[in-house]
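Hi everyone, thanks for coming. Please bring up the sequence and the model on your screens, and we'll walk through them together.

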Amino acid sequence: MKFINYILIGVLLCCCSIVLGKQGFDSLTNSIRAALRAGNAKELVRNFANNVNITVKKQDGLYSRFQAELIMEEFFRANRILEVKEVQKVLTTPINFFVVYSLKTNAANYRVFVKFSEIDKEAKVVEFRLE
């Protein structure tokens, strides 16, 4: 009987952590979407890890948060954001998850892939692809 109680408590704790993880996930993805919509590089990189894999048009590599901000400022200067739509959101585990946006600008339409990972018990963007 005690064994069944332990199993039930374990299942309950797992469910609670998934729900709490999803709330944090929604908050992060809303923050990223708002920064994209506003064309605000400073707010966008606030959720980036210290080093992040970035692909923006033909630039591809591992960049510091500061370099990522400069790359995104350049992109936002050249492209006025018209619309941002969330296409897909996947919470694979509480440690890794991703979101895909559709980004419409005055120059072209882009697909934005954002991958999050837990770093020091905090979810951070570790990969950002704008294709």
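I'll start with the overall layout, then go on to the sheet, the salt bridges and the aromatic rings.

A word on what you're looking at: this is a predicted model, where local features need pLDDT of at least 70, side-chain atom pairs count only at pLDDT 80 or more, and totals for chains, interfaces and linings use all residues. Residues are numbered from 1 along each chain as its sequence is written, and side-chain values use heavy atoms, with hydrogens and water left out.

Let's begin with the parts list. The protein has three helices and six strands; helices here are DSSP runs of H or I with at least four residues, strands are runs of E with at least two, and both are numbered from the N terminus. Going along the sequence, the pattern reads α-α-β-β-α-β-β-β-β.

How much of the protein is buried? Of its 131 residues, 35% are buried. By "buried" I mean under 20% relative accessible area, while exposed is over 50% and partly exposed is in between, using a 1.4 Å probe and protein chains only. The accessible surface comes to about 8100 Å², and 56% of that belongs to carbon and sulfur atoms. Those areas come from the Shrake-Rupley method with a 1.4 Å probe, and for residues only the protein chains shown count as cover.

One more overall number concerns contacts, which means heavy atoms within 4.5 Å. Among contacts between residues at least 6 apart in sequence, 42% join residues at least 24 apart.

Now for the sheet. In what order do the six strands sit? The order is S2-S1-S6-S5-S4-S3, in an open sheet with mixed pairing. Two strands pair if DSSP finds at least two bridges between them. At the edges we have strand S2, residues 59-64, and strand S3, residues 81-90, each pairing on one side only. From one strand to the next, the twist averages 20 degrees.

Let's look at one pairing in detail. Strand S1, residues 48-56, runs antiparallel to S2, and six bridges join the two.

Next, find helix H3, residues 65-78. Helix H3 lies across S1, S2, S3, strand S4 (96-105), strand S5 (109-119) and strand S6 (122-130), and runs at about 40 degrees to S1. For these angles, axes are lines fitted to C-alpha atoms, for helices over the stretch in contact, and angles run from 0 to 180 degrees between N-to-C directions.

Let's stay in helix H3 for a moment, because Glu69 is there and it counts as buried, with a relative accessible area of 13%. Leaving aside residues up to four places away in sequence, Glu69 touches Ala41, Lys42 and Val45. Glu69 and Asn40 are 29 residues apart in sequence, and their C-alpha atoms are 9.2 Å apart in space.

That leads to salt bridges, meaning a side-chain nitrogen of Lys or Arg within 4 Å of a carboxyl oxygen of Asp or Glu. How many are there? The count comes to 10 salt bridges. Glu69 forms one with Lys42, with the closest N and O atoms 3.3 Å apart. This pair links distant parts of the chain, since Lys42 is in helix H2 (residues 41-45), Glu69 is in helix H3, and they are 27 residues apart.

Another one joins Glu86 and Arg33, at 3.0 Å from N to O. Here Glu86 is in strand S3 and Arg33 in helix H1 (residues 2-38), 53 residues apart. Glu86 is partly exposed, at 31% relative accessible area.

Last come the aromatic rings. Rings of Phe, Tyr and Trp (its six-membered ring) pair if their centres lie within 6.5 Å; planes under 30 degrees apart count as stacked, over 60 as edge-to-face, and the rest as tilted. There are five aromatic pairs by this rule. In one of them, Phe75 and Tyr110 have ring centres 5.3 Å apart and planes at 75 degrees, so the pair is edge-to-face. Phe75 lies in helix H3 and Tyr110 in strand S5, so the pair ties together parts 35 residues apart in sequence. Are these two residues buried or exposed? Both Phe75 and Tyr110 are buried. Ring pairs also link Phe75, Phe76 and Tyr110 into a cluster.
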